[in-house]
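Thanks for making time this morning.

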Amino acid sequence: VQLQASGGGLVQAGGSLRLSCAASGRTFSTYTMGWFRQAPGKEREFVAAIISSGSSTYYADSVKGRFTISRDNAKNTVYLQMNSLKPEDTAVYYCAAGRLAYYSPPEYDYWGQGTQVTVSS
């Protein structure tokens, strides 16, 4: 599985962005998809995950109520809608795919290249 993240950019605090992650291959619908982020000098942290069917989602407490993860298995794409952005959301955002994966980076088998999100105050 190859993953290509896009949609990052510069936005003012309170604004919104929508990240996309396009996957290659026919097995996309069998993977849990996750979004992680990494700020300079910090470890990569979990943001959100969605199971293969899309029926269950998981969020970090820091983004709950502001971010929404979704997927379109027909388009092999997972999305992260980010609203009410804060300067502390600034990071490189990565999408990832895993068979039995939820919150931890080692649980994921495939990673995209990352897209920069910068939120100005």
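Let me begin with a question: which residue stands opposite V78 in β8? It is R71 that stands opposite V78, and D72 likewise stands opposite T77 in β8. Before I go further, please keep in mind that this is a predicted model, in which local features need pLDDT of at least 70 and side-chain atom pairs count only at pLDDT 80 or more, while totals for chains, interfaces and linings use all residues. Residues are numbered from 1 along each chain as its sequence is written, and side-chain values use heavy atoms, with hydrogens and water left out.

When I say strand, I mean a DSSP run of E with at least two residues, numbered from the N terminus, whereas a helix would be a run of H or I with at least four residues. Two strands count as paired if DSSP finds at least two bridges between them. In the case of β7 and β8, which covers residues 77–82, six bridges join the two, and they run antiparallel. Their hairpin has four residues between the strands, and there N76 takes a positive phi near 55°.

This pair belongs to an open sheet of four strands in the order β1-β3-β8-β7, with antiparallel pairing. The edge strands, each of which pairs on one side only, are β1 (3–6) and β7 (67–72). From one strand to the next the twist averages 15°, where axes are lines fitted to C-alpha atoms, for helices over the stretch in contact, and angles run from 0 to 180 degrees between N-to-C directions.

In a regular strand the side chains alternate between the two faces of the sheet. In β7, F67, I69 and R71 make up the covered face, and T68, S70 and D72 the uncovered one.

R37 lies in strand β4 and is buried, with a relative accessible area of 6%; buried means under 20%, exposed over 50%, and partly exposed in between, using a 1.4 Å probe and protein chains only. The R37 side chain makes polar contacts with the side chains of E45, at 2.6 Å, and Y93, at 2.9 Å. By polar contact I mean a pair of N or O atoms within 3.5 Å, where within protein one must be able to donate a hydrogen and the other to accept it, and residues adjacent in sequence count only if both atoms are side-chain atoms. Not counting residues up to four places away in sequence, R37 touches, among others, F67 and R44, contact meaning heavy atoms within 4.5 Å.

R44, in turn, lies in the loop between β4 (32–38) and β5 (45–50) and is partly exposed, at 29% relative accessible area. Its side chain joins that of Q38 in a polar contact of 3.4 Å. Beyond four places in sequence, the contacts of R44 include Y94, P105 and W111.

Finally, the whole chain, which has zero helices and 11 strands. The radius of gyration, taken over C-alpha atoms, is 13 Å, close to the 14 Å of the globule rule for 121 residues, so the chain is as compact as a globular protein of that length; the rule is 2.2 Å times the number of residues to the power 0.38. Buried residues make up 45% of the 121, and of the contacts with a separation of 6 or more, 56% come from residues 24 or more positions apart.
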